[in-house]
Structure formats: structure tokens, C-alpha cells
Amino acid sequence: MRIAFLILLFIVGTCFGSFLCCQARRLRLKETKKKSLGSRSVCLSCGYKLRWYDNIPILSWVFLRGKCRKCHKKIGLTEILSELGVGLAFFSIGTTIDFTANYSLFSILSIIFLFLLVLTLSFLAIYDGTYGELPSLFLIISLILAVLTVVFNEWGINPGFDNLPERIFPILSSVAILGGLYLVLYLISKGKWVGDGDWILGVIIGIVLGEPWLALITLFLANILACLIMLPYVKKSRNKKIYFGPFLIIAFIITLTFANFFQSMIK
Ligand SMILES: [Zn+2]
């Protein structure tokens, strides 16, 4: 039952990944060329209208070997990475749900907000990873979803916010660690090393993690991932800016998934 639910979450996630990847392209075209792609999915090279069987997440990509059915131009890695990424994110967050627990309505709503947040963050990761920008509208939506997730979660655990005085300090220090570092880097480098969206993303992730040591683990993971994956590119190109967005978001999902495990190691 549990494994079936997790597999279903993975499949739903891959569909969302495919959808978000398309939406990222649409938004970019709209903002840069003021052009619309129309309502159907098309090949960006030849305009071939994709059929339903060309749009099955992961499977279509594998069967067509990442190429357009008609013109055989490469579709690119973004599609398959988005589908796999969101699928895995849904699966990972799903593993933190305890099926035997008796969740209150507030806790269930908090879980729903968390999944919605994973979606908007995935969109930001795809957009930042492809175009090196974090659209501010999606940062604002993510910030609202992050606050809702935490408020409903805290209320679910402790109705009436009795424990709020004890929770304020850990949440604020988590926000200060993740948002603060990127804000300092942004101000020192005048936006040359990190973008202005990165520190807002740090604040959003800091709110949800709500513990300073979880924030530190996320920061550590994000920087290790960024170094391993980005360094070869940064050396080659003259642009010294590192797009931290996708790495911060991946590190956030990993930290959230293993939060209980990390907690048991520390305490
Ligand atoms: Zn084509």
C-alpha cells in the first residue's frame, strides 16, 4: 500500500515535471520574444505538434532517445531531468508521511501546501537552471506557500500556538543562516557571484526547515553539489556567477527527506 502510494507520487511528479518544463519555456518566450507557443506542445525546431504518445514523461524521451520524432533534432536534457527531478522530489517527500499517524486536518493541509511548494520550487529550479533567473512572481508564491506550510504544521502539532515562543528562535536563525549568507554574498559582490533571487530563496527554504542545524546541512549540501557540478563550467566560461537556485532546492528536498535521520544523529 505504502509503496504503491509512493510509486503513484513518483508518476504524478514526472507528469508535473514535464508540465513545468513546458511552462518554463512558455514563460521565457513570452518575456523575451513576446511570442506565444499556442496551446499545444510543439517541437521547438520544426514546429511538429506533439501527439499524446510523444508526451509521456520519461518513457517518450527514452523511446525517442531524446530526439524529435519528425526532425530528429535533440530535445535536450532539461525535459528528462525535470521529469525525473520532480518525480524523485515527490517520492522523497512522500517517504516522510507516516501512514499510521492520525493526522489532524491542519497537518494534512500543511502536507498539501508542502507539495504545492515543491512544485513552485521545481519551477524555479528548472527556470534558474535553464535561463539563470528566478522569476519574482514564483518567489512570492513560494514564500506564501512556505509560510502556510509552517503555520499549518505548527498549529497541527500544537493547536493555539502554545509553543510559538520556543519555535520563533529556531525558525528565525534558520532563515538568517540561509537567507543571510546569500544576502551578504550578493551585497559584497554587488550581484556578481549570486543573483538577487538567491537570498529570497534562502529565506523561503529557511522558513520551512525551521531549525538552524537543518539550514546548515542544506547550505553544506547545496555548496558541495554546486562545486561538483558547476566548477568545470565556471572554469571554462568567463561568467563567474553560479546559479545556486537549483542546488539549494535539491539540497532542501534531501534535507527535508532525511530530517528525522539527521535529528537522530545529533540528539
Ligand atoms: Zn522537430
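Hi everyone. What we have is a predicted model, where local features need pLDDT of at least 70, side-chain atom pairs count only at pLDDT 80 or more, and totals for chains, interfaces and linings use all residues. Residues are numbered from 1 along each chain as its sequence is written.

Let's start with the whole chain. It has 10 helices and zero strands; helices are DSSP runs of H or I with at least four residues, strands are runs of E with at least two, and both are numbered from the N terminus. A compact globule of 267 residues would have a radius of gyration near 18 Å, and this chain agrees with that at 20 Å (taken over C-alpha atoms, the rule being 2.2 Å times the number of residues to the power 0.38). Of the 267 residues, 34% are buried, with 20 or more other C-beta atoms within 10 Å of their own, those atoms being placed from the backbone.

Now for our pair. How do the axes of α5 and α7 cross? Helix α5 (residues 136-157) and helix α7 (residues 196-209) have axes that come within 8 Å and cross at roughly 15°; axes are lines fitted to C-alpha atoms over the stretch in contact, with angles from 0 to 180 degrees between N-to-C directions. So α5 is roughly parallel to α7, the term for angles under 35 degrees.

Which residues meet there? On the α5 side they include Leu139 and Val150, and on the α7 side Gly197 and Val208, contact being C-beta atoms, placed from the backbone, within 7 Å.

How values were computed. Angles under 35 degrees count as roughly parallel, over 145 as roughly antiparallel, 65 to 115 as roughly perpendicular and the rest as oblique. Two residues are in contact if their C-beta atoms, placed from the backbone, lie within 7 Å. A residue is buried if 20 or more other C-beta atoms lie within 10 Å of its own, exposed if 12 or fewer, and partly exposed in between; C-beta atoms are placed from the backbone.
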